[in-house]
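Here's a quick briefing to read alongside the structure. Have a look at the two chains first, then work through the points below.

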Amino acid sequence: MMLPLELRAASFRDIIKPLSLQIEAGPSTIILGANGAGKSVLMRLMHGLLAPSSGTIAWRRPGRHAMVFQRPVMLRRSALANVAYALRVAGEDETLAMGALKEVGLAQLADRPARVLSGGEQQRLALARAWALHPEVLFLDEPTANLDPSATREIETIIRAFDAAGTKIVMATHNLGQARRLGDEVIYLHQGRVVERAPVDQFFSRPASAEAAAFIKGELPWVS
Amino acid sequence: MQEFPEILLEGRLWQIVALSLQVSLSAVALATCAGLPLGAALAVGRFRGRDSLIVVLNALMGLPPVVVGLFVYMALSRAGPLGAFGLLFTPAAMVIAQTILILPIIAALSRQAVEDAWREYDEQLRSLGAHGLRAALTVLWDIRFSLLTSVLAGLGRASAEVGAVMIVGGNIEGVTRVMTTAIALETSKGDLPLALGLGLVLMTIVLVLNAAAYLVKEAAQRRYG
């Protein structure tokens, strides 16, 4: 078990103020916040794509973690070859690629060039690429921000399957409905600081901070 | 004066065409082998002097062929540092001069292409665990059909230039005479039909090569997205 992931006074320029928190195994963690709150940067720090300006970020043990981006980048080759590439780089058996495509319902599109797939299909392919690697932790950076409602539902179904298979989910989103549907706990980020961390139900019914309350209200203007 | 179509049937014309292609394609092959890795390294690498190197490379795209010819001439002439090889006034000297001429073009244009692609791929590839050389090769392979454009630009320059091959080749009939030097010579001699015929052949070849490259790129786009 590579978790918990521990951030000790980790900062990134002036985007993430020195923050300390632990990401534990188990509950799906939603990183919530407005645009520019620092969600994406925090995800990249945890995934190791960015190095903290100060402080430390450490896993308990080395292990495999994957990330699905808001806009996945596909190689100019077939859907199947994109998954096979990820497996090859990770030193895994490439023949597992087809299984991962089946898992996300893309088996019939295996031979299509990945770049001509629709946005929703590309995001499913990105999830298949992650799935094939069996990560212990899956980071998702607003995976459905560019997708229509039906594609969003498909993606959420797959994320639930990851969760059910025992993968720890850490997802950044500004979609409150999605946070409720997929999350167990919420980390609320405001201007690079963690303002609040609470179980999902509690966060939405009784937000402890004024910032979170305002955000929830602003996002759901019909709730008086 | 000869009739126009007869010129095209002459053996010596096709010999000139063949030598032109041989020289320019060899130069393109050599410049591609050196220029693509150089461009990729400049696009991906972060080292001291990188910015200056990019500026110099971009400036060298406008290198005047006669100047390149002059330098290569001095290097290869009997008294020059490479004089012992006896390459002056041979097709090999022309290949060397054209390689130097188009290497900056291929390197600078491919650097731009790789850098743009790198910006898009970098995070994703690092996330998948592909770093350094492996990531660079992945990007190069992925944009190989875009890189064709920079190679074509090099070929266009090589097949069109006259200054460098004239100086280091000497325009010797049957040995180092290529299309551009022949056109220059025939024009000054007043044999305009031959000059014109050669010009047409030259333009047709360049057109055909570009059309072929375009079709390859289009087919690849459909196939690989």
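Chain B averages a pLDDT of 91, with 96% of the residues scoring at least 70. Keep in mind that this is a predicted model. Its overall scores are ipTM 0.91 and pTM 0.84.

**The two chains**

- If you boxed up the C-alpha atoms of chain A along the principal axes, you'd need roughly 50 × 40 × 30 Å.
- Chain B goes another way: ten helices and zero strands.
- Reading chain B from the N terminus, the elements run α-α-α-α-α-α-α-α-α-α.
- The box for the C-alpha atoms of chain B, again along the principal axes, is roughly 70 × 45 × 25 Å.

**Where A meets B**

- On the chain A side, 19 residues are in contact with 19 residues of chain B.
- Together the two chains bury about 1,900 Å², and 50% of that is on carbon and sulfur atoms.
- Three salt bridges run between chain A and chain B.
- In one salt bridge, the side chain of A:Arg77 meets that of B:Asp142, at 3.9 Å from N to O.
- That distance falls inside the cut-off, because a salt bridge here needs the nitrogen within 4 Å of a carboxyl oxygen.
- You'll also find ten residue pairs in polar contact between chain A and chain B, counting pairs with both residues at pLDDT 80 or more.
- Which helices of chain A each supply at least two residues of the side that touches chain B? They are α1 (39-47) and α2 (79-89).
- Of these, α2(A) gives the most to that side of chain A, with four residues.
- Sorted by class, the side of chain A that touches chain B has twelve nonpolar, one polar and six charged residues.

**Salt bridges across the model**

- Over all chains, the count comes to 20 salt bridges.
- One salt bridge within chain A joins the side chains of A:Glu92 and A:Arg64, at 2.9 Å from N to O.
- A:Glu92 lies in the loop between α2 and α3 (97-103) of chain A, while A:Arg64 lies in the loop between β4 (54-59) and β5 (65-68), so the pair ties together parts that are 28 residues apart in sequence.

**Backbone spots to check**

- Is the peptide bond from A:Leu3 to A:Pro4 cis or trans? This bond is cis, with omega near 5°.
- You can find A:Pro4 in the segment before β1 (5-12) of chain A.
- Over in chain B, B:Phe89 has a phi near 60°, which is a positive value in a residue other than glycine.
- B:Phe89 sits in the loop between α4 (65-76) and α5 (91-128) of chain B.

Technical notes
Residues numbered from 1 in each chain as written. Chains lettered and ligands numbered in written order. Heavy atoms only, no water. Contact = heavy atoms within 4.5 Å. Buried area = accessible area lost by both parts, 1.4 Å probe. Polar contact = N/O pair within 3.5 Å; in protein donor to acceptor, adjacent residues only side chain to side chain. Nonpolar A, V, L, I, M, F, W, Y, C, P; charged D, E, K, R; others polar. pLDDT = per-residue confidence, 0-100.
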